[in-house]
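Here are a few friendly notes to read beside the picture. Take them one at a time, and find each residue as you go.

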Amino acid sequence: KQEFTYTIFAAYVYDDRHLLYSFDFSNKEIYAAYLDTVFSMRDLSANIRTDMNVTHEDNIITLATCMSKQPDKRLLVQAVLEK
């Protein structure tokens, strides 16, 4: 049995694009730019842990759920794999 521990670093509203089809996360520059976008978000409804340092070297997971009465929006919750 193997266990992994993740720490949530972001929760925010996003559009309904599929992230894996929209960004080539195997490209470290694209991955880093995406993370920069997340950490520079200024939306008052976003919850971003600015005290955390998540980089393109880290592994993250993203959980997405639909939003009531907003079919073109998703709530994303993102967490980083603890080392």
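1. Start with Asp51, which pairs with Arg49 in a salt bridge, their closest N and O atoms lying 2.9 Å apart. The term salt bridge means a side-chain nitrogen of Lys or Arg within 4 Å of a carboxyl oxygen of Asp or Glu. Asp51 counts as exposed because its relative accessible area is 59%, while Arg49, at 35%, is partly exposed. Here buried means under 20% relative accessible area, exposed over 50%, and partly exposed in between (1.4 Å probe, protein chains only).

2. Before going on, please remember that this is a predicted model, where local features need pLDDT of at least 70 and side-chain atom pairs count only at pLDDT 80 or more, while totals for chains, interfaces and linings use all residues. Residues are numbered from 1 along each chain as its sequence is written, and side-chain values use heavy atoms, with hydrogens and water left out.

3. How many salt bridges does the structure hold? There are 4. One of them joins the side chains of Asp58 and Lys83, at 2.6 Å from N to O. This pair links distant parts of the chain, 25 residues apart: Asp58 sits in the loop between β2 (47–48) and β3, and Lys83 in the segment after β4. Strands (E, at least two residues) are DSSP runs, numbered from the N terminus.

4. Is Asp58 buried or exposed? Asp58 is buried, because its relative accessible area is 7%; Lys83, at 88%, is exposed.

5. Finally, look at Glu3 and Lys1, whose side chains meet in a salt bridge of 3.5 Å, N to O. Both Glu3 and Lys1 are exposed.

Technical notes:
Helix = DSSP H or I, 4+ residues; strand = E, 2+ residues; numbered from the N terminus.
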